[in-house]
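Work through the exercises below with the model open. Each task is followed by a stepwise solution.

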Amino acid sequence: MSRVGKIARRSFLVGAVAAAGGVAFGVWRYKTPYRNPLLSGLNDGEAALTPYVLIRPDGITLITPRADKGQGAYQVQAMLLAEELDVTLDQIAVDPGSPDVAYWNRALADEAAAFLAPGGGFGEQVAGSVVSAGAKFLGLQITGGSTTTPDGFDKLRAAGASARETLKAAAAAQAGVAASELTTRDGAVILPDGTTLPYTELAAVAADLDPVTNVALRPASEWRLIGKPTPRLDMVAKSTGTQDYGIDVNLPGMVHATVLLNPAIGGALGSYDTAETFKIRGVQSVVEISGGLGIVADNTWRAMEGARAIVASWPDGPLPRSMEAHWQALSDSFTEDTQDSRKRDDGDMDAALGAGDVIEAEYRAPYLAHAPLEPVNATVRVDDDAIEIWTGTQIPRNVLTNVSGITGVSEDDITLHVQMIGGSFGHRLEDMVVRHATEIAMQMKGTPVKLTYSREEDMTHEFPRQIAMARMRGAVREGRVEAFDLGIAMPSVIVSQMGRQGLSVPGPDSQIVAGAFEQPFSVPHHRVTGYRAPPLAPISSWRSVGASTNGFFYNTGLDELIHAAGVDPMEERLRLCDDALARAVLEAVAEMSDWSGPNPADGVGRGVAFTKSFGVPCAEVIEVETTEAGLKLTRAWVAAEVGTVVDPLNFENQVAGGVIFGLGHAMNCELTYADGRAEQTNFDTFQGLRLYQAPAIEVRGLENGDKVLGVGEPPVPPAAPALAAAIFAATGTRLREMPFSKFVEFA
């Protein structure tokens, strides 16, 4: 794809000049739009009015700055732009563009504000203003938190509308008619006499006009693309194996590299012997990098063979020596001194638990690797005064900052070519592979270095999902849940992850209690407390972050109380639910599954779970059947409220994929450490859900809310607890720790 920084002559770029909806933070600088990043270096006849739509004589390119890691981000951004621009998807190309502060993520800031001041109202508005201002000033161009659709829904449609009306103004000036007499269709302006003027032919005239910005967006009744099943732009390429990813980058004179790092996490480089390495054909050099060695060869396989041939002695790292020590650190964190937050404290818990029998349980969730299918990779060329990078990333501006810090080259002289990503699940929120590639390339000036981690190195040096533990106390009375006290201990994901980006994050870590404190259930005495455990293994955002563990803790604890009360788990959730949108989701999944209780037939168990995460209420019912070969997952039903389903096909795929992801990891996966080293280093010891184990999945998207939400992460948290509840219904075995395969057999 073309790089936006190298625009041909007589180009025309249009886009949104202001995000729809306005801002609350009353600071002039915050209200002022960022300078258009595409204005620098334009030649005569070129124009860059705004950042999102590029029109040239040879075609139309839509700028899609949120990263695509398989979730269809380019597709949804293109649909939103094309909806108002009046082009069809087969008329356009998409390009992620160059990193810039202008592409900051407003929706991610709004999401953070909801955690700072939960419950909405004026407090959340103020928090939103402060957090949003900080995010804008920092220029946080981040893909994450299921925010691509919320961030772009109004902004990108406004970009398309501004482009459309500016092109109409250009046509009006050229044809000598009023713009109000013109219409648009399929990438062209239509004159009153039926003459069509393609957008590509209007670029030169439009380049001299100020963009039309005061444009009303079209009502839903006039949408051509939004809400309609739309084939993916990348469907043919991905179906035929012709889609290019970062790992497919191939440059003249390029060399290939891999790394050999200290397997003790956080350990330094020790002594090493490379005598056998240089006997391998194609190996060119071995260089020292942070924490280990870079091996350079004429292809990736030979580089990895060279790495295996190195004899090294590695110093110990700082991690606890055993998994028991990791768990003990969590257990020791349930104290007043380590209390991080108490975002929910309803009723009088002490009185409620002192009035009768107390039900208690402890739950555990292990570290989990991201393990995306595409091996982690980056290609870097370092010259004396300029750098080029080719990689898939969710944090493009951080990549520029970090490479600049390593090399001393100004960010303005670093070019980043963002690539399609073959899976991430949060992994590409880290950029260590780029840093290592840069360190190697600095020792080979002028030569492109393509670094690919082996699967073993990647999983060994993962920044995995957090390890977590929860303790529940509760009470029931007269067939109802009366008290529910949940304490959650985990290390801080945010401190660990942001620390690697050189950022300090003060205050409580909302992810310690995310997916627990904000659940819409009115238990009379209801408390959720977060405890911050000390740093253990370095951790990072894993699909649904804190909610990925807390959805399991919260639902399983609630299930134990509901069972003790002797009532139906669906009916009691509906009784306790105090939010209309959440209730509708529960009612939908009950109707979809024809819920008649947790035991619809002999040997069959059903479980229900509900988690609100990233603002999305999501409910799931999982069904299992006992067989001679073990437990078989037969069916799954899932409903989610997202306000507007932009792309029904992608919505169904995202939701079903989230269920599969959540189920597979709950059943089979954990990342453990011995002597500070990861014990699972490839897919043979870290197996997800197998194809024959997958249940039939039915998906329903609800559109009752007035807020457009994303759905990449919310289907994950309810999957594990719904499966655990189904297993309990079928077998009587209560599962309080993942992975479940440690305790039950799956067919």
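Two strands count as paired if DSSP finds at least two bridges between them. The model is predicted.

**Exercise 1.** State which strands form the open sheet, in what order, and which of them stand at the edges.

*Solution.* 
- Step 1. The sheet has five strands, in the order β14-β22-β21-β20-β15. Their pairing is mixed.
- Step 2. β14 (339-346) and β15 (359-365) each have a single partner strand, so one side of each lacks a neighbour in the sheet. These two are the edges.
- Step 3. From one strand to the next, the twist averages 15 degrees.

**Exercise 2.** Is asparagine 402 buried or exposed?

*Solution.* 
- Step 1. Locate asparagine 402 in helix α11 (residues 396-407).
- Step 2. Its relative accessibility is 14%. Buried means under 20%, so asparagine 402 counts as buried.
- Step 3. Beyond four places in sequence, asparagine 402 touches Asp431, Arg435 and Gln501.

**Exercise 3.** Where does pLDDT fall below 50?

*Solution.* 
- Step 1. The chain's mean pLDDT is 91, with 90% of residues at 70 or more.
- Step 2. Residues 1-30 are below 50, yet this stretch has 95 contacts beyond near neighbours in sequence.
- Step 3. Residues 115-119 also stay under 50, with 14 contacts beyond four places in sequence.

Note on methods. Residues numbered from 1 in each chain as written. Predicted model: local features only at pLDDT ≥ 70, side-chain atom pairs only at ≥ 80, totals over all residues. Heavy atoms only, no water. pLDDT = per-residue confidence, 0-100. Contact = heavy atoms within 4.5 Å. Helix = DSSP H or I, 4+ residues; strand = E, 2+ residues; numbered from the N terminus. Buried < 20%, exposed > 50% of the residue type's maximum accessible area, 1.4 Å probe, protein only. Axes fitted to C-alpha atoms, helices over the stretch in contact; angles between N-to-C directions.
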